[in-house]
Amino acid sequence: MKKTVLNEWHKTNGGKLVSFAGWDMPVQYASGLRAEHEATRSNFGLFDVSHMGEFRFKGPEALKAVNYFCPTEVSKLKKGESCYTFFANEKGGVVDDLLVYCFEENTNYLICVNASNTDKIGEHIKTYNKNFNVEVINECEDWGQIAVQGPKAIEKVEELIPGVKNLNKFSFGEFKFSDASLVVARTGYTGEDGFEIFTPTNKTKELWKALVELGGEPCGLGARDTLRLEAALNLYGNELNDDCNPYERRLGWTINLSGDDFIGKSAIEALKLKATHKLVGLMSLDRAIPRAGYKVCSNEVEIGYITSGTLSPSLNKPIGIAWVDKEHAKEGDSVQINIRGKLVDAEVVKLPFYKAKS
Amino acid sequence: MAYKVPDDLYYTKEHEWAYVDENIVTVGITGYAQDSLGEIVYVDLKEEGQKVTQNESFGVVESVKSVSDLMAPVTGTVIEVNQSLFDKPGTLNDDPWNDGWLLKIEMDTEKELAALLKAADYKKLIAQ
């Protein structure tokens with residue numbers, strides 16, 4: 001099992017460790033999932049996301065290569081900007097969703113991918129990166145990563161790393177911390193403002209401890225999941241997979257069909273016309289909690305299934321994201337979720353379930 | 001950490017406890033179970049009058065993160081359900097041995113008790 005450089009810290013500080021995508025990761029700490037979730041919504045939470053994977057595209061044709069891998073127009077990114085996108089396969093399905101960071105226009109880009117897909121992405125790049133004058137470097141071992149999220153995140157990180165407060169949303173920069181160079185990006189996966197900080201692995205622990213001392217609440221994968229679910233951010237393996245239609249999975253806005261060719265383009269063009277389903281929010285009117293895989297019905301006819309579900313700690317109500325037939329799931333419609341054989345009423349609601357006040 | 005394991009109860013490998021009083025069996029989950037699950041936010045149980053079967057599910061407990069089946073220690077008929085848990089599932093965390101009891105079963109045959117764990121065996125199981 002792989003371990004992040006913070007593994008020992010998690011163990012000696014009340015972390016309950018579980019196996020996740022081949023990594024030994026904290027699912028929660030002693031204060032518990034709900035307290036961690038609430039701390040992120042009201043103060044600021046800290047997340048060890050060092051298990052995420054990083055690949056660097058470097059060379060004269062780096063932009064050309066990244067543009068060929070992503071259905072998004074990456075060429076619009078200026079130095080110091082990032083965007084959310086995905087890699088498609090030839091069938092138009094989703095290999096992984098990811099962030100692209102532009103370090104130098106045309107010649108230097110970093111992508112950050114899911115831990116569970118790191119090996120697959122490595123293979124995918126090898127398979128398709130044949131005709132470009134670019135070097136692709138696997139930097140997974142070089143970076144630790146800490147997400148700092150919540151309404152207090154900006155001012156607190158500013159105390160430690162002066163200048164970060166000037167970053168715009170989805171922009172990033174290189175900053176000094178304890179003689180090391182960090183990459184700080186104003187991005188996140190919780191629905192809150194905050195940063196994702198890439199640190200050299202030998203500095204991760206020092207930064208983590210400094211953030212804990214500033215009052216940050218260490219949060220496990222459990223809270224990370226409930227936070228992202230309330231914010232309706234996709235999770236690969238739940239909302240996304242190799243066989244899904246990206247237009248049915250809230251990815252349509254990232255796709256640019258009018259630009260250069262990319263992997264899966266012709267398939268995706270066809271999928272656009274075939275999109276019959278969509279992802280919607282469901283709020284259960286019962287106490288029973290929807291979970292991934294549960295069937296969704298309208299007038300007793302199956303119209304789709306739950307992709308992610310939980311008891312929302314912020315709303316204290318059972319919520320779920322569901323992939324359902326568009327025609328039968330308009331906002332305000334009433335549907336039923338099959339929860340262990342019982343049909344439970346739910347309402348189709350607007351996503352996200354939760355929006356930060358700022 | 002050492003968990004409390006009362007000597008006068010029977011246990012299942014899935015971390016339920018069973019208190020036997022003649023042919024009535026009161027069922028709950030152990031302290032170890034509630035601690036592993038984390039904060040319990042939802043409970044679903046069979047209803048009074050329904051049959052339960054040894055080693056089969058008689059309901060679920062859910063944390064924010066996950067769903068866990070509850071396994072019946074004996075075969076029989078549900079004669080009473082702890083209704084208070086539906087409003088306060090957190091009782092299972094606070095007091096799994098007393099107020100957090102789940103249901104009472106009128107068991108069909110005492111013979112099934114032989115398949116359950118005694119306290120000493122259960123202690124060994126959770127020490128692993």
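A185(A) stands opposite E196(A) in β12(A); strands here are DSSP runs of E with at least two residues, and helices are runs of H or I with at least four, numbered from the N terminus. This is a predicted model, in which local features need pLDDT of at least 70, side-chain atom pairs count only at pLDDT 80 or more, and totals for chains, interfaces and linings use all residues. Residues are numbered from 1 along each chain as its sequence is written, while chains are lettered from A and ligands numbered from 1 in the order in which they are written.

**Strand β12 and its partners**

- Strands pair if DSSP finds at least two bridges between them.
- Three bridges join β11 (residues 180-185) of chain A to β12(A), and the two run antiparallel.
- Six of the seven residues of β12(A) (residues 194-200) are buried, that is, with 20 or more other C-beta atoms within 10 Å of their own; exposed means 12 or fewer, partly exposed in between, and C-beta atoms are placed from the backbone.

**Residue N338(A)**

- N338(A) belongs to strand β18 (residues 334-339) of chain A.
- N338(A) counts as partly exposed because it has 17 C-beta neighbours inside 10 Å.
- Beyond four places in sequence, N338(A) touches Y294(A), K295(A), C297(A) and L343(A), contact meaning C-beta atoms, placed from the backbone, within 7 Å.

**Contact between chains**

- Chain A gives 13 residues and chain B nine residues to the contact.
- Elements giving two or more residues to the chain A side are α2 (33-42), α7 (221-230) and β16 (301-312).

Notes
Contact = placed C-beta atoms within 7 Å.
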